[in-house]
Structures are given as structure tokens and as C-alpha cells.
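Colleague: I have the sequence and the model open. Can you walk me through the side chains?

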Amino acid sequence: MKSAAVFVVFACLLIVHVQGQARTSVTRCLCQGPAANVVRPQRIDKIEIHPASATCENVEIIVTLKNGAGKKCLNPESEFTKKYITAGLEKRSAV
């Protein structure tokens, strides 16, 4: 009976310890490193906007370039990005 009581106390202490631990600050952001402030609009094939989430606290804007030239992350605070997205939204709502 004593061993069962010891086990229950140990389990409760373990649960309290695990719940009290801080989370690791591992982020799973798609954009690593510095983001581009400007990309030539003629080179952009597709744009993806990923809002902040539990896995990444940053808003991420990723453009796919034409002719298989890869992908680039845009700085969401740059004037180019703001103007490009605003123009795209206006064009989309006009259709």
C-alpha cells in the first residue's frame, strides 16, 4: 500500500514539473535569414502570404519567381511589398 502511495505522489510531482517547464523557442518559419525589400514585379509568378501562427510569430510573404528561378521571402514592412500587395488586392477586387 505504501508503494502505491509513493507512486501516486511521484506521478503528481512529475506532472507538476512537466507542466511548469518553459517551452523551447524553436520556430518553424519558412523564411530564414534576411528578406528581400524589392523584387522585380515582372519576375514574380506567384505570391503566398502566411500569417503569424503558433509555429512562427512572423508574417511571411513568399514569392515564387518565373522560369523556375526559385522562391524569395519579402520583407512585409518594406514599401515595395505593401504597395505590391495593395495593388494586387485592388486588381483582384476589380475583377
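This is a predicted model: local features need pLDDT of at least 70, side-chain atom pairs count only at pLDDT 80 or more; totals for chains, interfaces and linings use all residues.

Colleague: Start with the strands. How many bridges join strand 1 to strand 2?

Modeller: Six, and the two strands run antiparallel. Strands here are DSSP runs of E with at least two residues, helices are runs of H or I with at least four, and both are numbered from the N terminus. Two strands pair if DSSP finds at least two bridges between them. Ile44 stands opposite Leu65 in strand 2.

Colleague: And what does strand 2 do with strand 3?

Modeller: Strand 2 pairs with strand 3 (residues 71-74) in the antiparallel sense, over four bridges. Ile61 has Leu74 in strand 3 as its bridge partner. The two strands form a hairpin with five residues between them, and Asn67 in the turn has a positive phi of about 60 degrees.

Colleague: Is strand 2 mostly covered or mostly open?

Modeller: Mostly covered, as six of its six residues are buried. Buried means under 20% relative accessible area, exposed means over 50%, and partly exposed is in between, using a 1.4 Å probe and protein chains only. Both faces are covered: Glu60, Ile62 and Thr64 are buried on one side, and Ile61, Val63 and Leu65 on the other.

Colleague: What lies 2.8 Å from a polar atom of the Glu60 side chain, then?

Modeller: The backbone nitrogen of Leu30. A polar contact is a pair of N or O atoms within 3.5 Å; within protein, one must be able to donate a hydrogen and the other to accept it, and residues adjacent in sequence count only if both atoms are side-chain atoms. Not counting residues up to four places away in sequence, Glu60 touches Cys29, Leu30, Cys31, Glu48, Ile49 and His50. Contact means heavy atoms within 4.5 Å.

Colleague: How many salt bridges does the count come to?

Modeller: Two. Lys46 meets Glu48 side chain to side chain at 3.8 Å, N to O. Lys71 forms the other with Glu48, with the closest N and O atoms 3.8 Å apart. Lys71 lies in strand 3 and Glu48 in strand 1, so this pair ties together parts that are 23 residues apart in sequence.

Colleague: What about Asp45? Where is it found?

Modeller: Asp45 is in strand 1 (residues 44-50), and counts as exposed at 54% relative accessibility. Leaving aside neighbours within four places in sequence, Asp45 is in contact with Thr64, Leu65 and Lys66. Its C-alpha atom is 7.3 Å from that of Val63, 18 residues apart along the chain.

Colleague: Switching to helix 2. Is Thr81 buried or exposed?

Modeller: Thr81, which is in helix 2, is buried, with a relative accessible area of 1%. A polar atom of its side chain lies 2.9 Å from the backbone oxygen of Asn75. Beyond four places in sequence, the contacts of Thr81 are Asn37, Ile61, Leu74, Asn75 and Pro76.

Colleague: Last topic, rings. How many aromatic pairs does the structure hold?

Modeller: One. Phe80 and Tyr84 are stacked, 5.7 Å centre to centre with 20 degrees between the planes. Rings of Phe, Tyr and Trp (its six-membered ring) pair if their centres lie within 6.5 Å; planes under 30 degrees apart count as stacked, over 60 as edge-to-face and the rest as tilted.

Colleague: How many residues apart are Phe80 and Tyr84 in the helix?

Modeller: Four, in helix 2 (residues 79-94), so about one helical turn separates them. Phe80 is buried at 18% relative accessible area, whereas Tyr84 is partly exposed at 26%.

Definitions and conventions:
Residues are numbered from 1 along each chain as its sequence is written. Side-chain values use heavy atoms; hydrogens and water are left out. A salt bridge is a side-chain nitrogen of Lys or Arg within 4 Å of a carboxyl oxygen of Asp or Glu.
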